[in-house]
Amino acid sequence: MKRRLLFGERMLLGDGTEPFNAVIPFRLRGSFTLKEIQQALAQIQNKHPWLRALISYDEKNIPWFNVPEQPISIPVRILTRQGEDQWQEESRREWNTPFNYEKLPLIRFVWIKGENVSDMLFAFHHCLCDGGSAMAFLHEFLKVLDNPAADIGIENPILGIQDVVPAKILNSRRQRLKAKFIGRLAATAIKWIPVGKKAIERQNDYLIHWKLDEIISKQLIAYCKSQEVTVNTFLSAAVLQAFKKVRGEKSFNKVSCPVDIRRFATQIKEDHIFAFGLMIVVSSDEKLSFTDNLRAMQKSVEQKTSKLNPYITMMVMESGHDALNNFTKLLKNGKSSNDCMFSNLGRIQIPHEYKAFSVDTIFSPSVIGPLGNTTTMVTSTYRGEMDFSFMGSEGYLPYPDALAIRDEVVQMIHSQLKQTAVS
C-alpha cells in the first residue's frame, strides 16, 4: 500500500533534515513488561497502515507513504524514572530528534519506567497525523495494553484527495477551475512577497506546563456557558491580552487557531490517521472591555468558521505542488505576523480506570517545527482538569516573556471568575 503525500503533508515533512515532531505524554499507574508494550504497539500498527509506513521518493523527487510487506516495529526507548518532570525533558529531546523515515516508521515510543508509575510518550512526525488522530491511537493503545484480545478494528485508510473530497465536487469542472485559479493566484502572490535571505535563528526551545484544578476548570466552563462563548474563544482572548500586556508594541494581536477538519469533512473519521487541518485567525478589539470582546470575538469566530471549505482548500493546495518551495520559504523566512498558535483539543474522551492499570493524567500534546514562529499553546481537559503546554523558542519569544504570559493567562482566568462570583 502506498500513497503520495498531500501538499500539507509535504510542507510539514520539508526536506526531512529538520524535525517537525509532536509528542503526547501520559502517566500510568501499574506495572508493565516490555513485551506487553510492544504487543500493544504492534496491534495499533496492525490497525493503521500509515503507522507502519516509511517514506520513499519517486523519480520526480516526490515523497510517498509506503507500507512495507514486512512491518517494522515502532521503536521503544526505555529510561529509569527519576522525577515528576522528566517527561518534559524527554519531550524536548523528541522534538529535536529527526525521524529516519526511509528505514523506520514515523512514530516512536518512550517509556520512562518507575516502580508503580510510568510516564510514556508517543512521538510522531507531524506529517503523519494531527492531535485528533493521535488521541485516537492513544485510546486504542491503552485498550489493547489492558486487554490484548480487545477488538479495535481495522482502519480503512485515506488513499488520496478522492477519499476526502466528494466525487461531485472533485470532478466538477467549475470547482476544478476555481481551485486552479485560486491556486495560481496564490502561487504568483507568494512568489513576489519579499522574504529575508535566511530564517530567524530559533535558539533554545522550551516547554512550560501547568494545570488548572478541577474546581477552577469547572468554574471556567460554567462561566463560558453563562457568557455564551466557547472555552476556546475565552482562552484566545486571554492569550491575546496576555501577549499585549507582556510584549506591548511587539505583540501582533493575532492568534491562529486550528479547526478540526472532521467537523466539515465527514469522510475523515475520528480514527483516521490524517494530518490536514484548517485554520482561522482571531484578534481582539482594543476599544472593548474583556467581556464585550468575548462576544465580539465569538461572533467573528463563528463567521470565519462558517466560511471554511475543506474541499476547495484541499483542491487549491493540491493544484499548487509546484509552489511548495516558495511557500515553505515564505513561512520560514518571512516576518512573523502572529503572536502564537492556540489549539484546544477539548475534553479527552479516554477512560481513566482500566483492569490492569489506571491513567493518572494525559498531558496536552506539544509540537515544534521549522516553519517560522514556533510559539504554540495547546490545551486539553482530562479527568476534569484543564492542562496547558506552552512551547516556543528564545529567538521568537524569550523564555521570561513566555513565563510572564503564562502568569497573565492564569491571572486573567482567576480575575474573571472572581468578578462573576462577586457580581
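Phenylalanine 26 is buried, with a relative accessible area of 0%, where buried means under 20% relative accessible area, exposed over 50% and partly exposed in between (1.4 Å probe, protein chains only). This residue belongs to a predicted model, in which local features need pLDDT of at least 70 and side-chain atom pairs count only at pLDDT 80 or more, while totals for chains, interfaces and linings use all residues. Residues are numbered from 1 along each chain as its sequence is written, and side-chain values use heavy atoms, with hydrogens and water left out.

The protein chain as a whole contains twelve helices and 15 strands, which are DSSP runs numbered from the N terminus (helices H or I, at least four residues; strands E, at least two). The radius of gyration of the protein chain is 22 Å, close to the 22 Å that the globule rule gives for 423 residues, so the chain is as compact as a globular protein of that length; this radius is taken over C-alpha atoms, and the rule is 2.2 Å times the number of residues to the power 0.38. Of the 423 residues, 52% count as buried.

Rings of Phe, Tyr and Trp (its six-membered ring) pair if their centres lie within 6.5 Å, and planes under 30 degrees apart count as stacked, over 60 as edge-to-face and the rest as tilted. By this rule the count comes to 17 aromatic pairs. Phenylalanine 26 and phenylalanine 141 form one that is edge-to-face, at 6.2 Å centre to centre with 70 degrees between the planes. Because phenylalanine 26 lies in strand β2 (residues 21-29) and phenylalanine 141 in helix α4 (residues 131-146), the pair ties together parts that are 115 residues apart in sequence. Phenylalanine 141 also counts as buried, at 0% relative accessibility.

Another edge-to-face pair is formed by phenylalanine 109 and phenylalanine 122, with 5.1 Å centre to centre and 75 degrees between the planes. Phenylalanine 109 is in strand β6 (residues 107-113) and phenylalanine 122 in strand β7 (residues 117-125), 13 residues apart. Phenylalanine 109 is buried, with a relative accessible area of 1%, and phenylalanine 122 is likewise buried at 1%. Phe26, Phe109, Phe122 and Phe141 are among the members of one aromatic cluster, which also includes Phe124 and Phe137.

Phenylalanine 181, in contrast, is exposed, with a relative accessible area of 55%, and is found in helix α6 (residues 173-192).
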